[in-house]
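This report covers selected helices, ring contacts and backbone angles of one model. The structure is shown first.

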Amino acid sequence: SSRDAGLRVAAAQAIGVFARLAPAAAMLADEGAVSALAALAARDLAVEPAGPAAADALEHIADAHAPTALWLRGRVAAHELVAEGFYALPVGEPYRPPREALTATWRDGSRQVEALSVSPLTDPEIRSLVARADEAVKGRATGEAVLALARIVNQRMGGAVPWKEYEHFSCATAVHAAMAAAQSTTVAVTRLTRGGAFHRAVLFKALADLTAHEVTASLCSGARGRGAHANHMWNEVTVNGHAFVVDLLHSVGELYRVDSDEADRYLRVGQHAFDSLMSSHRAQTPVHTLVRDGNLSRDVADFRGQVIKAMVIPTLMDRQARTTSTATASASRASAAAGRDM
């Protein structure tokens with residue numbers, strides 16, 4: 001009813017005001033407000049008048065609660081620091097309130113995806129790593145400090161992985177063992193001895209936030225929960241006034257200017273979003289620079305990713321266009337038929 005709708009609008013607005021306080025935001029997240037607000041915000045405005053107020057309340061919770069910010073926005077900003085109780089959910093997973101996320105029970109044999117936690121007050125291992133990081137970055141310029149932190153993360157998570165081998169790199173055994181040992185699907189990031197982009201980015205953010213050096217890092221996630229680039233995460237840092245993506249996987253410690261092709265390649269976005277990890281390694285040079293005087297300047301296999309993209313993507317776009325055109329035509333015919341029946 002309109003009265004119920006009005007109450008939902010008022011309730012969402014009140015939650016939005018309450019959520020501006022960090023302790024209140026954490027409490028609201030713990031009580032399930034995030035999932036309820038997200039459900040309201042996702043509905044059509046014509047059906048749910050409380051949608052805009054719910055979306056606004058969600059943003060206020062995310063402003064004060066880093067785990068919600070990562071789930072909602074795909075980003076924990078540099079000024080949002082990792083603190084006790086921080087956890088990171090994998091991309092595409094339903095929201096888990098803090099109480100549920102931090103106490104989730106592990107069951108062997110079922111499909112369970114790990115969340116990662118950071119507990120600087122109660123985990124001696126993270127404190128030990130932070131002490132090591134403090135020593136490594138002492139007296140260093142920002143760029144050198146970032147490199148030192150990247151090396152610590154790399155050593156902790158199984159070492160560097162060549163581009164062409166990353167699609168075969170797996171940390172599933174290490175993650176499974178850590179969940180089994182903890183009897184929980186939420187694993188302290190320090191319990192892992194092998195990790196991919198997700199695990200490394202969370203650890204780097206934690207070390208950057210908890211060391212005494214003024215390295216500031218954001219934690220960002222990709223959009224894919226499945227496929228070759230599933231759960232891809234990365235960190236961005238500011239060095240000499242410029243924003244860079246930190247390589248924690250391949251050329252460890254390298255900095256790629258944000259929005260550069262090198263950064264897009266590491267993020268698996270832009271032209272690289274359609275590449276497999278192998279073709280992402282191979283297809284870095286635009287096709288027109290590969291052909292000179294009618295001859296290929298490199299082996300055909302080296303630019304097959306470019307050829308595949310040139311063939312497949314237009315086909316997919318054409319298929320989508322034909323589907324849309326068919327749907328529109330069907331709707332027009334249905335409308336005309338309805339007019340004749342009146």
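## Helix H5

Helix H5 covers residues 66–73, and its buried residues are Ala66, Pro67, Thr68, Ala69 and Leu70. Buried means under 20% relative accessible area, exposed over 50%, and partly exposed in between, with a 1.4 Å probe and protein chains only. Helices (H or I, at least four residues) and strands (E, at least two) are DSSP runs numbered from the N terminus. Gly74 follows H5 and has a positive phi, near 75°.

## Basis of the model

The model is predicted: local features need pLDDT of at least 70 and side-chain atom pairs count only at pLDDT 80 or more, while totals for chains, interfaces and linings use all residues. Residues are numbered from 1 along each chain as its sequence is written, and side-chain values use heavy atoms, with hydrogens and water left out.

## Helix H10

Helix H10 has 14 residues (197–210) and should span 20 Å at 1.5 Å a residue; its end C-alpha atoms are 20 Å apart, which agrees. The expected span is 1.5 Å times one less than the number of residues. Of the 14 residues of H10, 13 are buried, so the helix is largely enclosed by the rest of the structure.

## Aromatic pairs

The whole structure holds 3 aromatic pairs. Rings of Phe, Tyr and Trp (its six-membered ring) pair if their centres lie within 6.5 Å; planes under 30 degrees apart count as stacked, over 60 as edge-to-face and the rest as tilted. Tyr166 and Phe169 are stacked, because their ring centres are 5.9 Å apart and their planes meet at 20°. Both Tyr166 and Phe169 are buried.

Tyr256 and Tyr266 form a tilted pair, with 6.2 Å from centre to centre and 50° between the planes. Tyr256 belongs to strand S8 (residues 255–257) and Tyr266 to helix H11 (residues 261–267), 10 residues apart. Tyr256 and Tyr266 are both buried.

## Charges over rings

The charged end of Arg265 sits over the ring of Trp163, 3.8 Å from its centre. The criterion is NZ of Lys or CZ of Arg within 6 Å of the ring centre and within 35 degrees of the ring normal. Arg268 lies over the face of Tyr266, 5.8 Å from the ring centre.

Most residues other than glycine have a negative phi. Arg268 has a positive phi of about 60°; it is in the loop between H11 and helix H12 (277–282) and is buried, with a relative accessible area of 1%.

Gln183 has a positive phi near 55°. Gln183 is in the loop between helix H9 (172–182) and strand S4 (186–188), and is partly exposed at 45% relative accessible area.
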